[in-house]
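Please look through the sequence and the model shown here before reading the comments. The note is arranged as numbered points.

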Amino acid sequence: MEHKDTYTYHVSLCMTEGKESYAEALPPIETDFGNHDNIYHIIEKLKEKELFNSEEEVKQFAIGLKMFSGVMLRNKNSDLFRDFQPTFVAFMKKLKGR
């Protein structure tokens, strides 16, 4: 995808329940994305740190964070992220320091 040292991931999101009667009939949302980190390794490290209430939360956090941070980094000059970047950097330092 981006570099030869990038890991490539595939995510599929399927609604299994919803308020609307048609929720189960919606097609899956699928996307591929690259990241310089091995997300499986990150999930294992986060499990060891016991920062979350469940293994499911660990997976949701790690995948969401890596997808969000990748989009933010690729769009770092966007007004949307400009004010948030210093806070995000501080957050990541705090997370990595635990």
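1. Basis of the note. The model is predicted, so local features need pLDDT of at least 70 and side-chain atom pairs count only at pLDDT 80 or more, while totals for chains, interfaces and linings use all residues. Residues are numbered from 1 along each chain as its sequence is written, and side-chain values use heavy atoms, with hydrogens and water left out.

2. Helix H2. Helices (H or I, at least four residues) and strands (E, at least two) are DSSP runs, numbered from the N terminus. H2 has 20 residues and spans 29 Å from first to last C-alpha, close to the 28 Å expected at 1.5 Å a residue; the expected span is 1.5 Å times one less than the number of residues. Its buried residues (buried means under 20% relative accessible area, exposed over 50%, partly exposed in between, with a 1.4 Å probe and protein chains only) are Val-58, Ala-62, Leu-65, Lys-66, Ser-69, Gly-70 and Met-72. Viewed down the axis of H2, these residues fall within an arc of 165°, so they line one face of the helix. The arc is that of the directions from the helix axis to the C-beta atoms. The buried residues of H2 pack against strand S2 (29-35), H1, helix H3 (79-82) and helix H4 (85-97); contact means heavy atoms within 4.5 Å.

3. Helix H4. In H4, the buried residues are Phe-88, Met-92 and Leu-95. Seen down the axis of H4, they fall within an arc of 65°, so they line one face of the helix. An α-helix has 3.6 residues a turn, so residues three or four places apart point the same way. The face of H4 turned away from its buried side carries the exposed residues Pro-86, Lys-93, Lys-94 and Gly-97. The buried residues of H4 pack against H1 and H2.

4. The pocket lining. Which elements each supply at least two residues of the lining of the second largest pocket? They are strand S1 (7-13), helix H1 (39-49) and helix H2 (55-74). Among the lining residues are Tyr-9, Phe-33, Glu-44 and Lys-59.

5. Two single residues. Glu-50 lies in the loop between H1 and H2 and has a phi near 50°, a positive value in a residue other than glycine. Glu-50 is exposed, with a relative accessible area of 69%. Thr-6, in the segment before S1, counts as buried at 14% relative accessibility. Leaving aside residues up to four places away in sequence, Thr-6 touches Gly-34 and Asn-35.

Definitions and conventions
On a 1 Å grid over the protein atoms alone, a cavity is a set of points where a 1.4 Å probe fits but cannot get out, and a pocket is an open set with protein on both sides within 12 Å along at least five of seven lines; lining residues have an atom within 4 Å of a point.
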